[in-house]
Amino acid sequence: MAERRSKPKNQAATTAAAPATPPEVVLPVLAEKVGVYICHCGGNISDVVDVDKVATEAAGLDGVAVARHIMFMCSDEGQKAIVDDIQALGLDRVVVAACTPKLHEATFRRVLQRGGMNPYLFLPANIREQASWAHPHSPKAATEKASALVRAAVAKAQMLEPLEKVRVAAVHRALVIGGGVAGLRAALDLARQGLGVTLVEKSPFLGGRTTQLHTVFPTEDPARLLVHRLIAEVKAQPNLTILTETEVVALTGYVGDFTVTLKTTPRGVNAELADRQAAIAACPISVANEFDDGISKRRAIYQPYPGSEPDLPAIDWASCTRCGDCVTAAGGRGIDLKSDPIETTIETGAIVVATGFDHYEPRVGEYGYATSPRILTLPQVHRMLDPEGPTGGRLEIDGRVPRSIAMIHCVGSRQIEDVDEPGPDGKLHEYCSRVCCTATLQAANQIRQKYPKTAVYDLYRDIRTYGRDQEPYYVDASKAGVVFMRFANDARPTVELSDGADFPLKVTVTDTLTFGTEIEVPVDLVILSVGVMPRDVTGLIEMTHAPVGADGFLLEVHPKLRPVESAIPGLLLAGTVQAPMDVTESTSAASAAAAKVTALLAGDHVEMEPFVAKVDPSLCDGCGLCLDACRYAGAIAMQEVEIEEGVLEKRAYVNPVACKGCGACVPSCPVSALDVAGWEIDQYKAMIDAITAEPLTAGARS
Amino acid sequence: MAVAIDPTLLPELQRYGAFDVAACFNCGNCTAVCPLTDDDATFPRRIIRYAQVGMKAELLASKELWTCYYCGECSETCPRQAEPGEFMAAARRYAIASYDKTRLARTMYLQPVIGTAIAVMLAAVFAMFMYVAHGPQDGSTLALFKFIPSELIHSLGLAIMIVVGLAGLAGIVTMARRIARSEGVGWGTVFGGRAALGRSARALWIALGIESLGQRRYRKDCESVQEPVAWYRRRWLLHALTMWGFLGLFGATIADYGLELLGTKATGTPVPIWYPVRLLGTVAGAMLIFGTTMLILNRLQQANRSVRKSQSADWTLLLLLWLTGMSGFVLELALYLPQAPTWGYWVFLFHVAIAMELVLLAPFMKLAHVVYRPVALFFYALKPSTSAG
């Protein structure tokens, strides 16, 4: 594929622009000098597979110039053998039969480059995971299978064509979506690397959910102070633009050069507002305050907490009636009730998604939720325990400190079919939300410390304080007299209102720690440790085609090998958009995502693997069926091509930077004009022919 | 049936000394290492769990409280330093206080200052009472029962025994009913038919004879996990000597009174040292003094795990026993001195007052275990045969 410095849509594509030639039968030219290398993997392979036999058989194949077996192909010795053979024998293709290509495909491509070959003329054959490890007790069959895999690899290798990486001119700017702790961290790291950064936040205030906490475990740092330190650093960056009340409404382009349309809603309030208290007090509207998870009310003009960032109230246009009372109270200065949004367009090389999470909201009646003001969620209790929160840090119900509290774990997490009913979103949340155990214990300790006379019962299914320095929360809780009770996987505690009794609530649990005794716990307050839910980012998912996991969180390419990258090039994941995480993990992920973006946009170009669809214009008749098969915007288009003097016809054109090489278009083409470079149908046919060339014994077929 | 729990149980128990038990995470190491626990009596974990959760009724119906002799092995092994052994001791204190309806035991345990004051004042009242009624002090011989008339001592003693008997019986009934209900033991199980009676008699023999007087499991099982010490400092032996000494002295006193009632020998008649009742008293006194002295030493030196922590209740009991024994022994010496010392009369007054107080306070202090432990052991001995039958 040719290099593209600007958008291909503005430039005729190389493939499509090739002069049309009359169709003629062209037999594929097979490579003649394939080098085959069999790896022992220090015994991992050679203890089961007879590598000498495999090498001997490979040496006898047509087109194979040399076949060797070496203790470790990835070692210096193995690599040197390939380079030497390339230079001495003039190899034109290289097959290495060793471990999974996930480990060393890149290594051997570099070896070919060092030997002066095109790196895409290398082909791996996996005879470790697929032969020796899979059939450790059938050495003969494993050897046969290894030979078959090598035959197939040689057959395909003979048909490989040199490929070039797809290159895109890089825009040195990154867009960070989400102004919570992960987004802030990512934005700061990116800006410090010299990239231009646009940080967009949907709500009017920065800091996200972390600002709702008083302290964060395990350091017990004051949460808002921590976030505000981060914000101060972010604001000090010269190349960083912060846009609050801003959403992404359209997205086109690809890694290195996305075009993003942003919609910014006016704040309604500006710095000229002199008496914000008077303006807020004048507002006649009262709605549930989301910052306090609904346990307090706020006005339509509001500020979540003094000193918020920006330290300026905002107008909630959804509940504002434009009555103008606040404008009057403010003396006509500093408030503007015009709420028409403004759309702007930016170019960005990469996108960091840090849109965060939502708390699970229990169904009405789930553990008695919403049937009594004495049944609260942990986030609500966090707000009550916050000295700067709506209750001034007092955990009181009807003016009285609870004498006895039950905390129930795994509410909306680790749900089991037929045991739990789906949540309000109609889904079972089968995953563990991870942060709630430690958060619950942290709150339990705070309660025991603040109110030593309050009995705390901690009802769990399983309990994990998994992170560094988190175990002390459990130790402290048990030392502080928190009583742990454990319920079985298939039995949930029940919460009942017991009117007239000494304690207004009764929690019944079959406690496996008390020998399976059914116990009634009389309590004044029930705290539900609600889980972490994926936030609804449907719009973003539709725009980006980012893969979503079964749990509803955005999916990384590989949890260990590529943990913060979405399968969409240039789209990085930071924080709880990907999975439940605590603040520590969110910021780690954010820094990792920022580092990935920095590396991606470091040069003038972004390079991508060349395994993308290609069109044979001599076969394409312009029917357009492939357009429907393609799920990536702009990957395939129809272009007018001059097929003869003065005759223009439509032909499919693949934009190699937008194409992900998924191959969905290939079977859609009725005339087989489409193929994926490096994974062509003819190559597969040759592999199958090679495998079936010799009958396999039964053991080697599995 | 769901068990309703009492959130106040654990804090209440902690007032009796179970300070660290909240740290327990129910791993069960304590039960695993305990030489006494078996399928029919699982502790300390089970009992700790009752306490943590607030299962008050179950705790008070646990015979297991009294099957533990506090070797301390569980505390030694506990990965959380929750002191399960100390917890068991605290739970026994709580049980003694709970079985006692007069709440005197509770006061004695929870308000040591008031408890000590009560003990001192009670002794003083007895002494005053007898002093007021005292007769002449004979200068040539120690005519103790002319000084304080034996009738006065006997009738006061009887009155005290009746009060103590009633209080003790009330406690036993309270306890026995709770345990019986939780163990599923009814009247029929104990008395219904020859087989049941035989079983009960056997259980009674095991509880009183083999375990209480014979200290079998204390001697064998608990000793098996203890660090070896000189034979004369072994916990079971010191405890046994103290118990046997106390019972011997008690028996000698009763026998002496019995002899007077039979007209064989009037109280206070000088007898030679080999005279059986007198011999019993002397030997028992020596046992009691040795036992209590060593027990006090152990506590002072914190010689083993079980005496690392001492409550005022522990000291009160040991001190009362030791004073009773010592004053009796000094009195014995005074009787053999050629010239009767006047202080002998005052030692006598002191001895009688202390002994009376010891008996009177028995149901309201640590000494109450002499009745509660056999009751629990009776149910423990009864259980395997009932489940088999």
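Start in chain A with an open sheet of four strands, in the order β2-β1-β3-β4 and with parallel pairing. Strands (E, at least two residues) and helices (H or I, at least four) are DSSP runs, numbered from the N terminus, and two strands pair if DSSP finds at least two bridges between them. The edge strands to pick out are β2 (64-70) and β4 (122-126) of chain A, each pairing on one side only. From one strand to the next, the twist averages 15 degrees.

A quick word on bookkeeping: this is a predicted model, where local features need pLDDT of at least 70 and side-chain atom pairs count only at pLDDT 80 or more, while totals for chains, interfaces and linings use all residues. Residues are numbered from 1 along each chain as its sequence is written, and chains are lettered from A and ligands numbered from 1 in the order in which they are written.

Next, select 93-98 of chain A: that's strand β3, which runs parallel to β4(A) and is joined to it by five bridges. If you want one pair to zoom in on, A:A98 has A:N126 in β4(A) as its bridge partner.

Helix α2 (residues 51-59) of chain A lies across β1 (34-39), β2 and β3 of chain A, at about 175 degrees to β2(A). Helix α6 (residues 139-157) of chain A lies across β1, β2, β3 and β4 of chain A, and runs at about 160 degrees to β3(A). Axes here are lines fitted to C-alpha atoms, for helices over the stretch in contact, with angles from 0 to 180 degrees between N-to-C directions. Contact between two residues needs their C-beta atoms, placed from the backbone, to lie within 7 Å.

Move along chain A to an open sheet of five strands, ordered β10-β7-β6-β18-β29, again with parallel pairing. Its edge strands, β10 (240-243) and β29 (571-573) of chain A, each pair on one side only. Neighbours in this sheet are turned by 20 degrees against each other on average, direction ignored.

Inside that sheet, select β6 (residues 173-177) and β7 (residues 196-200) of chain A, which pair in the parallel sense over five bridges. Look for A:L175, which stands opposite A:T198 in β7(A). Then show helix α7 (residues 181-192) of chain A: it packs on the sheet, touching β6, β7, β10 and β18 (350-353) of chain A, with its direction at about 165 degrees to that of β7(A).

Time to bring in chain B. How many residues does the contact take from each chain? Chain A supplies 17 and chain B 13. On the side of chain A that touches chain B, α13 (471-479) and β26 (517-523) of chain A are the elements giving two or more residues, and β26(A) gives the most, with six. That side divides into seven nonpolar, six polar and four charged residues. (Nonpolar means Ala, Val, Leu, Ile, Met, Phe, Trp, Tyr, Cys and Pro; charged means Asp, Glu, Lys and Arg; the others, Gly among them, are polar.)

Zoom in on β26(A) and strand β1 (residues 3-4) of chain B, which pair in the parallel sense over two bridges. The bridge partner of A:E520 in β1(B) is B:A4.

Last stop: colour chain B by domain, with domain 1 at 9-99 and domain 2 at 113-388, bounds that come from an automatic or database domain assignment. Taken over C-alpha atoms, the centres of these two domains of chain B are separated by 27 Å.
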